[in-house]
Amino acid sequence: MDVQGERTVAEYQRACRELDAYLARATRAQLKAHSDGTRWSNEELLFHMVFGYMVVRALVPLVKMIGRLPEPWRRAFARALNVSTVPFEVVNFWGSRAAALVFNRKRMARRMLATTRKLAAALEGESPASLARSMDFPNRWDPFFRPSMTLADVYAYPTLHFDFHGKQLSLGAEG
């Protein structure tokens, strides 16, 4: 694995430790309280942060497949996804809200650890050519989606997402 891959895996491990710390210190009331700047509770937002890693597990094969298409097709795919931004946002909001009922404070750390371990193992098996493959992305869906991203960028994405939303938690001094 190259230096960027090692850095990505180290960031996965750091995010797992931070999630564990958030969950260990937060009270039930803090988790149920509204986050800062989102419509989610802190617990729902924490799940959404974990969900970013779960999404990447689905994005990896998609990037490998779409990245092989001719450029006009790749751009058309990204444009079609951008057009569906409003339905995506509805599903993203309500999906995270509902999933947090299942992957609550008792289960989300295990899900995060399992997911990041699988991502790290997959990343280790990638060739330099595979990591360089790119896909056009729906850049209206997420502030960290750029118009074109390599597979290496996609592997690094969920920690950017995690850190961004971590600043929106309203867990107080104790959390």
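Helix H2 (28–32), H3 and H5 each give at least two residues to the lining of the second largest pocket. In this predicted model, that pocket holds about 210 Å³ of space. Its lining consists of Arg 28, Leu 31, Lys 32, Ser 41, Glu 43, Glu 44, Arg 97, Ala 100, Leu 101, Asn 104, Arg 105 and Lys 106. By class, seven of these residues are charged, three are nonpolar and two are polar.

**H3 against H5**

Helix H3 (residues 42–66) and helix H5 (residues 85–102) have axes that come within 8 Å and cross at roughly 105 degrees. The two helices are therefore roughly perpendicular to each other. On the H3 side the contact is made by Glu 43, Glu 44, Phe 47 and His 48, and on the H5 side by Asn 92, Ser 96, Arg 97, Ala 99 and Ala 100. This contact has three nonpolar, three polar and three charged residues.

**The largest pocket**

The largest pocket has a volume of about 700 Å³. It is lined by 35 residues, of which His 48, Phe 88, Asn 92, Trp 141 and Asp 142 are the closest to its centre. H3, H5 and helix H8 (151–166) are the elements that give two or more residues to this lining. H5 supplies the largest share, 10 residues. By class, the lining has 22 nonpolar, 10 polar and three charged residues.

How do the axes of H1 and H6 cross? They come within 10 Å and cross at roughly 175 degrees. That angle makes H1 roughly antiparallel to H6. From H1 the contact takes Gly 5, Thr 8, Val 9, Tyr 12, Ala 15, Cys 16, Leu 19, Asp 20 and Leu 23; from H6 it takes Met 108, Ala 109, Met 112, Leu 113, Thr 116, Leu 119, Ala 120 and Leu 123. The contact divides into 13 nonpolar residues, three polar and one charged.

The model has one cavity of 30 Å³ or more, and the volume of the largest cavity is about 50 Å³. Its lining is made up of Asp 2, Gln 4, Gly 5, Thr 8, Leu 123, Leu 131, Ala 152 and Tyr 155. Of these, Gly 5, Thr 8 and Leu 123 are also in the contact of H1 with H6. Helix H1 (3–25) and H8 each supply at least two lining residues, and H1 gives the most, with three residues.

The spaces compare as follows.

| Space | Volume | Lining by class |
|---|---|---|
| Largest pocket | about 700 Å³ | 22 nonpolar, 10 polar, three charged |
| Second largest pocket | about 210 Å³ | three nonpolar, two polar, seven charged |
| Largest cavity | about 50 Å³ | four nonpolar, three polar, one charged |

**Confidence**

The protein chain has a mean pLDDT of 91, and 98% of its residues reach 70 or more. Among its elements, helix H6 (residues 108–124) has the highest mean pLDDT (97) and H5 the lowest (84). H5 is also the element that gives 10 residues to the lining of the largest pocket. Where pLDDT is low, predicted coordinates should not be read in detail.

Key
Residues numbered from 1 in each chain as written. Predicted model: local features only at pLDDT ≥ 70, side-chain atom pairs only at ≥ 80, totals over all residues. Heavy atoms only, no water. Axes fitted to C-alpha atoms, helices over the stretch in contact; angles between N-to-C directions. Helix = DSSP H or I, 4+ residues; strand = E, 2+ residues; numbered from the N terminus. Parallel < 35°, antiparallel > 145°, perpendicular 65-115°, else oblique. Contact = heavy atoms within 4.5 Å. Nonpolar A, V, L, I, M, F, W, Y, C, P; charged D, E, K, R; others polar. pLDDT = per-residue confidence, 0-100. 1 Å grid on protein atoms, 1.4 Å probe; cavity = no way out; pocket = protein on both sides within 12 Å on 5 of 7 lines; lining within 4 Å. Points joined across faces, edges and corners; volume = space filled by probe spheres on them.
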